[in-house]
Amino acid sequence: MALRCLSQSSTTPSYLSKIWGLRMHGTKAAASVVEEHVSGAEREDEEYADVDWDKLGFSLVQTDYMFATRSCRDGNFEQGYLSRYGNIELNPAAGILNYGQGLIEGMKAYRGEDGRILLFRPELNAMRMKIGAERMCMHSPSVHQFIEGVKQTVLANRRWVPPPGKGSLYLRPLLFGTGASLGVAAASEYTFLVFGSPVQNYFKEGTAALNLYVEKVIPRAYLGGTGGVKAISNYGPVLEVMRRAKSRGFSDVLYLDAETGKNIEEVSAANIFLVKGNTIVTPATSGTILGGITRKSVIEIALDLGYKVEERRVPVEELKEAEEVFCTGTAAGVASVGSITYQNTRSLLPLWIHVSEHNIYLYAWT
């Protein structure tokens, strides 16, 4: 089957520009259509929320509805339902509050030029949540239940999906322990909840290149821990590091491995890639690095383009040899890196292109 990239092309001779204007045939990096058909009349009559789409950032905008379903002791999830967006009620002894049994996902819904609303590879988010749930000793919804909950959330909030090219509806699926337990134990019940918020660029720089700070003291994850799954407990411990870096004007933090302190792992909210000639290098997901959906898709596209891809340990010193460095993530999109500061020394990187969230991985069926 053929796919059409919704981005504009570029003549800049970099890896990012090559996948920017790519016409792919048979690639796995395809979109999932939320609605099969939208007529011209429906598209013209589309009602949008009262939002200044040109001023969207990446902060919470309350939408209309959220989706929820609950599992019981047998691990099966009930029929889900939509309710007005609002606060939820929890038992003080809930597993999420006492023992941190919680997972998050991040994904986006886009509005195509033809009016259809698209999701990007939602089955991969669903499978990643199942893997995380197994690691965290939690019940998890099936892939079908996950995708159905996400689609219901999108359609119920379709007026919050920005016009084409103006952003996306960021979706946050949550899975957390709601069953009560006083002693250290897995919860007996779990809630799967999905809400959304319209967003534009994740970083304050917009589409400008990022300035990263390499953190030497505090690692993001440890071998044997939960760095390879999207556990809520992965994020709290690095908030202070992020706060300090951003107060100094950096875009985000690049973490080193806990074992040696010499190899790069990932950025707070994104995976990282280096380009050297016809080779693309990224740290291997060996238990401490989250396997990003965008990361996986960029690797597949690179292989389709004839690039050699190396997933391995990447010494921090190797950043100096890179011709391009970029980050990938659902929230971040695909973002060029302009400088990296390590041991108080700032290294400037060659800038080929500034990339926004729409440039790489938004595709529609043709």
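This is a predicted model: local features need pLDDT of at least 70, side-chain atom pairs count only at pLDDT 80 or more; totals for chains, interfaces and linings use all residues.
**Entry 1: cysteines**

I began with disulfides, keeping in mind that a disulfide is a covalent bond between the sulfur atoms of two cysteines. I looked for pairs of cysteine sulfur atoms within 2.5 Å, and the count came to zero disulfides. I then looked up how accessible two of the cysteines are. Cys72 has a relative accessibility of 28%, so I noted Cys72 as partly exposed, whereas Cys327 has a relative accessible area of 0% and is therefore buried.

**Entry 2: aromatic pairs**

Next I turned to the rings, and I reminded myself that a pair of aromatic rings is described by the distance of the centres and the angle of the planes. How many aromatic pairs does a search of the whole structure find? I wrote down nine aromatic pairs, and I looked at two of them in detail.

The pair I took up to begin with is formed by Tyr213 and Phe250, which are 5.2 Å apart from centre to centre, with 45° between the planes, and this pair is tilted. I found Tyr213 in strand 10 (residues 210–215), while Phe250 sits in the loop between helix 6 (239–247) and strand 11 (252–256), so that this pair links distant parts of the chain, 37 residues apart. I also noted that both Tyr213 and Phe250 are buried.

I then went to Phe273 and Phe326, whose rings are stacked, with 5.0 Å from centre to centre and 5° between the planes. Because Phe273 lies in strand 13 (residues 271–276) and Phe326 in strand 17 (residues 324–329), the pair ties together parts that are 53 residues apart in sequence. Phe273 has a relative accessible area of 0%, which means that I list Phe273 as buried, and for Phe326 I noted a relative accessible area of 0% and the word buried as well.

**Entry 3: a cluster and a charge over a ring**

I recorded one aromatic cluster that is formed by Phe58, Tyr170, Tyr202 and Phe203. In a separate look at charges and rings, I found that Arg84 lies over the face of Tyr65, at 4.8 Å from the ring centre.

**Entry 4: Thr328**

Is Thr328 buried or exposed? Its relative accessibility is 0%, so I count Thr328 as buried. Leaving out residues up to four places away in sequence, I listed what Thr328 touches, and among these residues are Phe273, Asn271, Thr294, Arg295 and Val334. Phe273 is thus a name I had already written down, as the partner of Phe326 in the stacked pair.

Notes:
Residues are numbered from 1 along each chain as its sequence is written. Side-chain values use heavy atoms; hydrogens and water are left out. Buried means under 20% relative accessible area, exposed over 50%, partly exposed in between (1.4 Å probe, protein chains only). Rings of Phe, Tyr and Trp (its six-membered ring) pair if their centres lie within 6.5 Å; planes under 30 degrees apart count as stacked, over 60 as edge-to-face and the rest as tilted. Helices (H or I, at least four residues) and strands (E, at least two) are DSSP runs, numbered from the N terminus. A charge sits over a ring if NZ of Lys or CZ of Arg is within 6 Å of the ring centre and within 35 degrees of the ring normal. Contact means heavy atoms within 4.5 Å.
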